[in-house]
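Me: I have just opened this one and would like a walk through it. Could we take it piece by piece?

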Amino acid sequence: QVRLVESGGGLVQPGGSLRLSCAASGVAFSINTMGWYRQAPGKQRELVATITSGGVTNYADAVKGRFTISRDNLRNTLYLQMNSLNPGDTAVYLCNAGITYLSRRDGEVWGQGTLVTVSP
């Protein structure tokens, strides 16, 4: 069983920065691609950024140049550095991970989410 716990959300003014973290715990054969998604009130969940175990990144157009995704494979932790935040970034941010379990079965795990609010 693998569990993801996000932290780092909060209230920030427009133009400000936040750094989100997602700590993975539990036993697995490997943690593969990890990513951040977000869901704003009344909207569908959307991709923010992903990163493979080898460090290849992918970003949604809305966050390119402002957000940076990274991971520490030794600590099984995912990060999202968010700069130049604007009210449109207000959402619950969720961590996602592709998992290969000890049985070699593949699965997917989601965290509970952390709320980011961008407001004056």
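Predicted model: local features only at pLDDT ≥ 70, side-chain atom pairs only at ≥ 80, totals over all residues.

Me: Is Arg 75 buried or exposed?

Reply: Arg 75 counts as exposed, because its relative accessibility is 62%.

Me: And how many salt bridges does the count come to?

Reply: The count comes to five salt bridges.

Me: Which side chain does Glu 46 meet in a salt bridge, and at what N to O distance?

Reply: Glu 46 meets the side chain of Arg 38, at 2.6 Å from N to O. Glu 46 counts as partly exposed because its relative accessibility is 37%, whereas Arg 38 counts as buried, at 6% relative accessibility.

Me: What about Arg 38 and Asp 89, how far apart are the closest N and O atoms there?

Reply: In the salt bridge between Arg 38 and Asp 89, the closest N and O atoms are 2.9 Å apart. This pair links distant parts of the chain, with Arg 38 in strand β4 (residues 30–39) and Asp 89 in the loop between β8 (77–82) and β9 (91–100), 51 residues apart. Both Arg 38 and Asp 89 are buried.

Me: Let me step back to the whole chain. How many helices and strands are there?

Reply: The secondary structure of the protein comes to zero helices and 11 strands. The radius of gyration is 14 Å, close to the 14 Å that the globule rule gives for 120 residues, so the protein is as compact as a globular protein of that length. Along the principal axes, the C-alpha atoms fill a box of roughly 50 × 25 × 25 Å. Of the 120 residues, 42% count as buried.

Me: What share of the contacts joins residues at least 24 apart?

Reply: If we take contacts between residues at least 6 apart in sequence, 55% of them join residues at least 24 apart.

Me: Now the strands. In what order do the four strands of the open sheet come?

Reply: The order in that open sheet is β1-β3-β8-β7, and the pairing is antiparallel. The edge strands are β1 (2–7) and β7 (67–72), each of which pairs on one side only. On average, and ignoring direction, neighbouring strands of this sheet are turned by 15° against each other.

Me: What holds strands of a sheet to one another in general?

Reply: Strands of a sheet pair through backbone hydrogen bonds, in either a parallel or an antiparallel way.

Me: Over how many bridges do β1 and β3 pair?

Reply: β1 and β3 (residues 18–26) pair over six bridges in the antiparallel sense, and Val 5 has Ala 23 in β3 as its bridge partner.

Me: Where does Thr 77 lie, by the way?

Reply: Thr 77 lies in strand β8 and is buried, with a relative accessible area of 11%. Setting aside residues up to four places away in sequence, Thr 77 touches Ser 21, Cys 22, Ala 23, Ser 70, Arg 71 and Asp 72.

Me: On to the inside. Which residues have the most contacts within the largest nonpolar core?

Reply: That core has 32 residues, and those with the most contacts inside it are Trp 36, Leu 80, Met 82 and Tyr 93. At least two residues each are supplied by β1, β3, β4, β5 (46–51), β7, β8, β9 and β11 (114–118), and β9 gives the most, with five residues.

Me: And what is Leu 80 in contact with?

Reply: Leaving aside neighbours within four places in sequence, the contacts of Leu 80 include Leu 18, Leu 20, Trp 36, Val 48, Phe 67, Ile 69 and Tyr 93. As a general pattern, nonpolar side chains tend to be buried together in soluble globular proteins.

Methods: Residues numbered from 1 in each chain as written. Heavy atoms only, no water. Pairing = 2+ DSSP bridges. Axes fitted to C-alpha atoms, helices over the stretch in contact; angles between N-to-C directions. Salt bridge = Lys/Arg side-chain N within 4 Å of Asp/Glu carboxyl O. Buried < 20%, exposed > 50% of the residue type's maximum accessible area, 1.4 Å probe, protein only. Core = buried A, V, L, I, M, F, W, Y, C linked by side-chain atoms within 4.5 Å. Contact = heavy atoms within 4.5 Å. Rg over C-alpha atoms; globule rule 2.2 N^0.38 Å.
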